[in-house]
Amino acid sequence: MKRYLPFLVLLLGAVWLASTLLERAPKSDFDVNGFGRLPVLVNGRIKPMDTVARSSLLQLQGRQRVTTAAGDTLSPTEWLLDVYFLSEQAAAYRTFEIVHPDLLTLFNLTTGDGDGKKRFSYSQLEKQIPELERQSRLAQTIEAAARSTFQRAVVQLHVNLVLYNQLKHALAMPGSPDFLGELMRFQTILPAGIEAVRARQAGTSYSEAAFNTLIELGQRYDFMSVASHLLPVPPPAGSADPTAWLGTGRALLDTLETGVVNTHVLAYAGLGHAWQRNQPEQFNTIIQLYRAELAKTLAPRLQRTDAEMRFNGAQPFYSSMVLYVLALLVGLASWLRWPDTLGRSAFWLTVLAFVTTTAGIATRMWLEGRPPVTNLYSSALFVGWGAVGLCLILERIYRNAIGSVAAGLIGFGTLLIAHHLSLSGDTLEMMRAVLDSNFWLATHVIVITMGYSATFLAGFLAIIYVVMGVFTPWLTKTATGEQSTKVGLISPNPGATMASTKLKQETNGESITRMVYGIVCFAILFNLVGTVLGGIWADQSWGRFWGWDPKENGALIIVLWNAIILHARWGGLVKARGLMNLAIFGNIVTSWSWFGTNMLGIGLHSYGFMDAAFWALSGFVASQLALIAVGSLPLEHWRSFRKTT
């Protein structure tokens with residue numbers, strides 16, 4: 001049975017992954033998924049309504065589900081439909097995350113008033129919004145990096161409330177009991193109203209009632225046009241500008257010139273009418289008819305929005321996180337029991353997670369039409385992907401589960417980082433003009449990111465070396481689990497011993513030493529080439545090859561640090577443990593270049609200060625320094641510690 005266990009693990013993992021790809025039917029009779037597929041232009045990108053709902057919820061509350069007061073769980077699209085068409089009901093959903101105690105005091109709230117002690121409804125916040133706006137204006141006069149935690153919380157909540165109000169005004173006028181009926185009346189009085197306006201301009205007699213009604217409705221639609229950033233109305237067929245989408249309010253204002261209410265606006269109003277009155281048959285019929293109408297001019301776009309919604313529902317990166325954790329646990333277990341069987345099981349779980357992540361990254365590339373790394377979120381995905389790919393190569397060579405364990409740690413960690421980065425909004429954002437170059441994104445960015453991956457991998461392998469060396473005698477055992485005859489915990493120079501020692505007789509400590517050395521060589525090559533390519537891109541974009549920008553300095557520091565590691569090893573200044581400590585410090589250097597330089601608020605690579613990222617980065621640096629301190633203890637302390645424990 002043991003010999004078939006790895007294949008059984010692979011089969012079960014594949015079946016579970018396949019189940020995540022199945023589209024889940026909504027619990028209601030409404031074709032919620034059909035609405036979720038409808039395209040909308042937001043911030044320069046055409047995306048499905050499903051993405052709007054999910055990214056908005058992540059920004060507002062850090063999760064994608066909404067629970068009503070009755071205990072019912074709404075899907076993201078159902079929540080968005082309520083925000084669009086049942087704004088008073090949606091205002092009672094607790095979807096705003098507030099954790100700062102002073103901000104709670106501002107709204108006269110306590111943790112007991114919220115869902116899960118930190119989520120609150122729009123209705124609970126509404127009365128104090130003017131004061132929040134005042135506080136936000138004061139905070140915005142201060143540089144982002146210099147703001148207090150309270151000021152950052154105020155600004156973020158204000159941004160979230162603005163987003164919520166933009167959604168409320170996207171498809172219908174909030175508070176309108178029958179927006180479809182209002183548009184029908186608007187269509188009816190349009191001829192008389194337009195005639196009254198022209199007569200007034202000409203100075204002749206006109207219908208004052210028709211004029212006033214038209215002006216009143218025009219003011220309502222003008223407010224809608226400036227209150228929302230969503231553009232759900234596509235350009236007409238044959239338009240010279242395919243990106244000239246309109247918001248609902250703008251399309252209704254154009255009605256004053258055309259004399260006919262836009263059919264797309266009427267379709268959404270019809271959907272709202274059916275949703276408000278709980279008429280699923282009418283809702284589903286409108287979805288089908290409207291979808292068929294869109295397909296006449298937007299068929300390629302609809303294919304992408306359909307694929308993006310399936311991608312959102314499958315959540316491949318979440319599935320990969322689960323598989324990486326399982327691979328990590330199985331890999332650790334293989335060091336205690338059944339090393340060959342469990343080691344191969346961990347390897348196949350890692351392969352499955354790697355393939356899933358690869359499919360997710362490839363899908364993002366197809367949706368965006370870009371190389372894999374375009375922003376911090378995608379860089380986290382790619383750094384983990386590259387490191388796991390190297391781990392798989394190491395595992396195929398050494399077959400001691402070290403690669404699988406390192407892959408589990410790095411894969412899960414980078415995907416967790418990516419999840420927190422996704423809380424800021426849409427992760428498939430439009431590129432900045434200066435970065436709008438697929439050639440350089442596919443060369444400089446990928447090469448330098450692979451350098452990050454390798455440097456992190458060397459550091460995490462070193463962490464395994466230190467932790468296992470302090471807490472267990474595992475370093476002195478061979479890959480087959482037998483006790484090594486070598487004395488001490490430090491392996492000799494790998495280059496001198498491997499000529500006369502077979503791989504199966506190598507200790508785990510020696511294996512990790514060889515791994516770290518090889519990965520550092522790989523890392524310095526990619527970091528150096530990537531830095532040079534970045535300089536060439538900078539020369540083309542900004543007119544100078546090197547400007548001592550913080551990001552440029554960070555890249556140079558990584559190259560120099562990897563060079564220091566290699567020269568210290570070649571010169572005999574450090575042996576195995578010294579190599580490991582230097583590699584762990586490489587994690588600090590790389591994390592600084594990857595995240596720290598972005599938060600300085602200066603330089604051409606600054607992406608803005610992130611309070612949560614600052615504390616997470618500080619904690620990571622502290623943990624690495626602690627591991628270096630442990631790794632620097634004399635060998636006697638390592639041995640005595642294991643004896644006492």
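Colleague: How much of the protein is buried?

Modeller: Buried residues make up 52% of the 645 residues in the protein. Buried here means under 20% relative accessible area, exposed means over 50%, and partly exposed is in between, with a 1.4 Å probe and protein chains only. This is a predicted model, where local features need pLDDT of at least 70 and side-chain atom pairs count only at pLDDT 80 or more, while totals for chains, interfaces and linings use all residues. Residues are numbered from 1 along each chain as its sequence is written, and side-chain values use heavy atoms, with hydrogens and water left out.

Colleague: What does the accessible surface come to?

Modeller: About 29,400 Å², and 61% of that belongs to carbon and sulfur atoms. The areas come from the Shrake-Rupley method with a 1.4 Å probe; for residues, only the protein chains shown count as cover.

Colleague: How many helices and strands are there?

Modeller: The protein has 25 helices and 6 strands. They are DSSP runs numbered from the N terminus: helices are H or I with at least four residues, strands are E with at least two.

Colleague: And the contacts, what share comes from residues 24 or more positions apart?

Modeller: Of the contacts with a separation of 6 or more, 74% are between residues 24 or more positions apart. A contact means heavy atoms within 4.5 Å.

Colleague: Switching to rings. How many aromatic pairs?

Modeller: The count is 25 aromatic pairs. Rings of Phe, Tyr and Trp (its six-membered ring) pair if their centres lie within 6.5 Å; planes under 30 degrees apart are stacked, over 60 edge-to-face, and the rest tilted. F179 and Y221 have ring centres 6.5 Å apart and planes at 90°, so that pair is edge-to-face.

Colleague: Where do those two sit in the chain?

Modeller: F179 is in helix α10 (residues 179-202) and Y221 in helix α11 (residues 208-227), so the pair links distant parts of the chain, 42 residues apart. Both F179 and Y221 are buried.

Colleague: Which residues make a stacked pair?

Modeller: F354 and W385 do, at 5.4 Å centre to centre with 15° between the planes. This pair also links distant parts of the chain: F354 belongs to helix α16 (residues 339-368) and W385 to helix α17 (residues 376-398), 31 residues apart.

Colleague: Is F354 buried or exposed? And W385, buried or partly exposed?

Modeller: F354 counts as buried because its relative accessibility is 17%. W385 has a relative accessible area of 24%, so W385 is partly exposed.

Colleague: Which rings are linked into a cluster?

Modeller: Ring pairs link F30, F35, Y84, F85, Y268, W275, F283 and Y290 into a cluster.

Colleague: What lies over the face of W366?

Modeller: R304, at 4.6 Å from the ring centre. A charge sits over a ring if NZ of Lys or CZ of Arg is within 6 Å of the ring centre and within 35 degrees of the ring normal.

Colleague: Cysteines next. How many disulfides?

Modeller: A search of the whole structure finds 0 disulfides, a disulfide being a pair of cysteine sulfur atoms within 2.5 Å. C391 is buried at a relative accessible area of 1%, and C521 is partly exposed at 27% relative accessibility.

Colleague: How do β1 and β2 run?

Modeller: Antiparallel, with 4 bridges joining strand β1 (residues 39-42) to β2. Two strands pair if DSSP finds at least two bridges between them. V40 stands opposite K47 in β2. The two strands form a hairpin with 2 residues between them, and N43 in the turn has a positive phi of about 55°.

Colleague: Which side chains are on the two sides of β2?

Modeller: In a regular strand the side chains alternate between the two faces of the sheet. In strand β2 (residues 45-48), R45 and K47 are on one side and I46 and P48 on the other; all are buried, and both faces are covered.

Colleague: What does E308 touch?

Modeller: Leaving out residues up to four places away in sequence, E308 touches R45, K47, P48, T51, L367 and L428. E308 is in helix α14 (residues 280-314) and counts as buried at 3% relative accessibility.

Colleague: And where is L457?

Modeller: L457 is in helix α19 (residues 438-471), and is buried at 0% relative accessibility. Not counting residues up to four places away in sequence, its contacts include C391, L394 and I519.
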